[in-house]
Amino acid sequence: MRFPFKLRNGKGKMPGFGLSMGLSLSYLSFLILIPISSLVVYAAKMPLKDYFGIILDERVVAAFKISFFSAIAAALVNFVFGFIIAWVLARYDFVGKRIVDACVDLPFAVPTAVAGISLATVFSANGLLGKILLPFGISLGYSTAGIVLALIFIGLPFVVRTVQPIIEESDAALEEAAASLGANWFQIFVKVIFPAVLPALVTGATMAFARGLGEYGSVIFISSNMPYVSEIVPLLIIKKLMQFDYLGASAIGVTMLIIAFIMMFVTNILQKYMLKGRQS
Amino acid sequence: MIKTGIVREPRRVKALLLFTAGVFLSVFIILPMVTIFREALKAGVAGYLKSFVDPGVAFSIRLSLLTVLICVPVNTFFGVVLAWLVTKYEFPGKKLLITVVEVPFSVSPVIAGLLFIFLFGSFGWFGTWLTDHNIKIVFAVPGIVLATLFVSFPFVARELTPLMRELGKDDEEAALTLGASGLQIFWKVTLPNIKWGLLYGIILTNARAMGEFGAVSVVSGLVRGVTTTMPLYIDILYGEYMFKSAFAVASLLTFLAVVTIIVKAVLEYAIAVQRKSGEVQI
Amino acid sequence: MGIEIRNINKKFGNFVALSDISIAIPKGEITALLGPSGCGKTTLLRIIAGLETPDSGVIKFSGEDQTNKRVKDRKVGFVFQHYALFRHMNVFENIAFGLRVRPRKIRPDRKAIHESVMRLVALVQLEGYVNRFPSELSGGQRQRVALARALAVEPSVLLLDEPFGALDAKVRKELRRWLRRLHDEIHVTSVFVTHDQDEALEVSDTIVIVNKGKIEQAGSPEAVCDFPANPFVADFLSDINRPIVTRKKKTLAGVINDDRQGI
């Protein structure tokens, strides 16, 4: 199998191009491209009017709002605390640092359903933390607070793992230069360090936000899942499926797919911008 | 290391930051993890072990292992092929290909499951044909496997691509000039160089395949004793207020997660040491 | 203003970086700290700046003790080896940094800052470049921005760490001649670190030769070349055969114009 275009590296032609290309394309088509087309084609059969009828339905709009604002709130919390954790891990030495560092990866490794039931238990009215929060009138049952908590857990590693290497690699001479020019520590932080870290921080928070929009497993256990109040979009899709409302599910699904592609595009651009800043 | 103690933040700021980070991690990570084992062991070790006698639990463990046994080798194979393709050759559309690989990480797991419903469901593209031939994919084990393949696919390719790009293709080209075949080059030259990265990718694939919930839950239809993987069975047990059993199953998956991050930390450390000593290229 | 260095000791773990260094650096001149890599010259420069704390010893500027002053209070201009320009700030903002971070009471107003910065921009011949970012400048131009930024705070001493080390050979030669002429105009007490004998001989008024944390010899370029104090100095300078470049007073513009095209 030969491909019609020429390899750019003329001299050392590695064998296996046709084979690896064929295998990769077949697998990606089978696993990703064809399934996506099947959903898109199904949804494309309905008239645009019906599509907007589904998407602009009050309950669907409410679900999108809830998903959107919970993901933003969680991303903002992670923006602040993820930065602090990355900073502490990158710049301070303390006992057990390696363990703490590894713990940050737990949300990546723990299944979402497990995270969901444990967070729900910790923050429930008689859970370890719920008990402390209850007297302050903070209860998770009937608000979006529970959703936000779950999304904070899920999104934290995105921010920490994006920002931490940038702080670690930052050039000490920049801070020394600022100090020699008379800046105090706060000025050095605000004017020199933070602007250098900001692109990474925004990238990490955006990734956490994108992940939060689609998150399902950890949320449904801690949220009360009430329509108009705490029902997220992925849950609504599942409910539509269970009611055999395939048109509804496909319309919302395609919308989520489009949002996911937009977020992919945005994070890609941010990452490029971030890398460009680091190279100069 | 930064040696200029002179320009750093005051000690109380440092203490405040350490305290904040500590509290945040305790509340959001340590406490939930401890809770899992606390709840699972509420009735003592004997009660904990008894949870696994439940045939539903035993079945879910078997089904999860079966899923992993299929998905990990398949995704490892195709992940390696893909990483090889995008690092050893130049071709038009390469960027697009790399983007497609990232898709499973970017879409919601629920959407991942939904895709296979629309492909293989009774009203989907292959629905009629499958019904005619009496093949069940959705609401059956094949659906679970497909959804899991989808969500756990990118890990190996994603770990290997930057690594293989960094290593370049000098070694492989040297082997080529010495007359090695493609497969020989891969086994004898490439694989030894990427083995730690590959292992890392496999471990992440395994963790995700074992723990996937959203995608699998859409295609499973929750047919007890047929499609209930461990995460799905946790959902069922929790919904039936059988918290002790739910947390017992959860504790197994948490244990796996902890092992995963320990192996990750060890591999990262090993790779860093190798880099420093320069004796191995990665 | 001269710099007085007395009995400076510095260890990093078990490694003795500087051992009982004492020297007076003359006011208004350029002094080179010359030595092989790892000899302790950069550590000495960083101790003068206050970026490193000595284990013992005293640093005085014009008789005033600086030993316990922090770097931000010492009024030193420090030019880093790789310039350490703030890459999210343009040339103007980089140069203005030292003025803008002053406490409100002694901070110049916007107009005064603008005037100082533009004066420095003219001095380092970067008039058309104030809105450029460091990534849009050549190595030689970055080096001059770093210098202007250090001079903006009107430092009592100017310290340069391998100022030409990161430049290619051609630019390096042009810049060091230019630096010499610049100094002839502004006369700030300057110390620079180098491992390049030619560079030290061409640019400096006084050369301090450092080896293994100790001063081997200090004196004018002619003195150290013609009368090396010991075999190390003789050996270290042995590959210099050509006569020392005579310094002509020339306008800056001539040299810099060449430089611009060269880079």
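This report describes confidence, one chain contact and some secondary structure in a predicted model.

Chain A averages a pLDDT of 89, and 92% of its residues score at least 70. Within chain A, confidence is lowest in helix H7 (residues 130-133), at a mean of 76, and highest in helix H3 (residues 58-91), at 96. Over residues 1-12 of chain A the pLDDT stays under 50, and for this stretch the model has 14 contacts beyond four places in sequence. Where pLDDT is low, the predicted coordinates should not be read in detail.

Between chains B and A, 81 residues of chain B are in contact with 77 residues of chain A. On the side of chain B that touches chain A, the largest share, 17 residues, comes from helix H1 (residues 11-40) of chain B, and by class that side has 57 nonpolar, 12 polar and 12 charged residues.

In chain C, strand E3 (residues 30-34) is mostly covered, with 5 of its 5 residues buried; Ile30(C), Ala32(C) and Leu34(C) lie on one side of E3(C), and Thr31(C) and Leu33(C) on the other. The pairings of E3(C) are listed below.

| Partner strand | Sense and bridges | A residue pair |
|---|---|---|
| E8(C), residues 189-194 | parallel, 5 bridges | Leu33(C) with Val193(C) |

Helix H4 (residues 139-152) of chain C has 14 residues and reaches 20 Å from its first C-alpha to its last, close to the 20 Å expected at 1.5 Å a residue. H4(C) is mostly covered, with 13 of its 14 residues buried, and is followed by Glu154(C), whose phi is positive, near 45°.

Methods: Residues numbered from 1 in each chain as written. Chains lettered and ligands numbered in written order. Predicted model: local features only at pLDDT ≥ 70, side-chain atom pairs only at ≥ 80, totals over all residues. Helix = DSSP H or I, 4+ residues; strand = E, 2+ residues; numbered from the N terminus. Expected span 1.5 Å × (residues − 1). Buried ≥ 20, exposed ≤ 12 C-beta atoms within 10 Å, placed from the backbone. Contact = placed C-beta atoms within 7 Å. Nonpolar A, V, L, I, M, F, W, Y, C, P; charged D, E, K, R; others polar. pLDDT = per-residue confidence, 0-100. Pairing = 2+ DSSP bridges.
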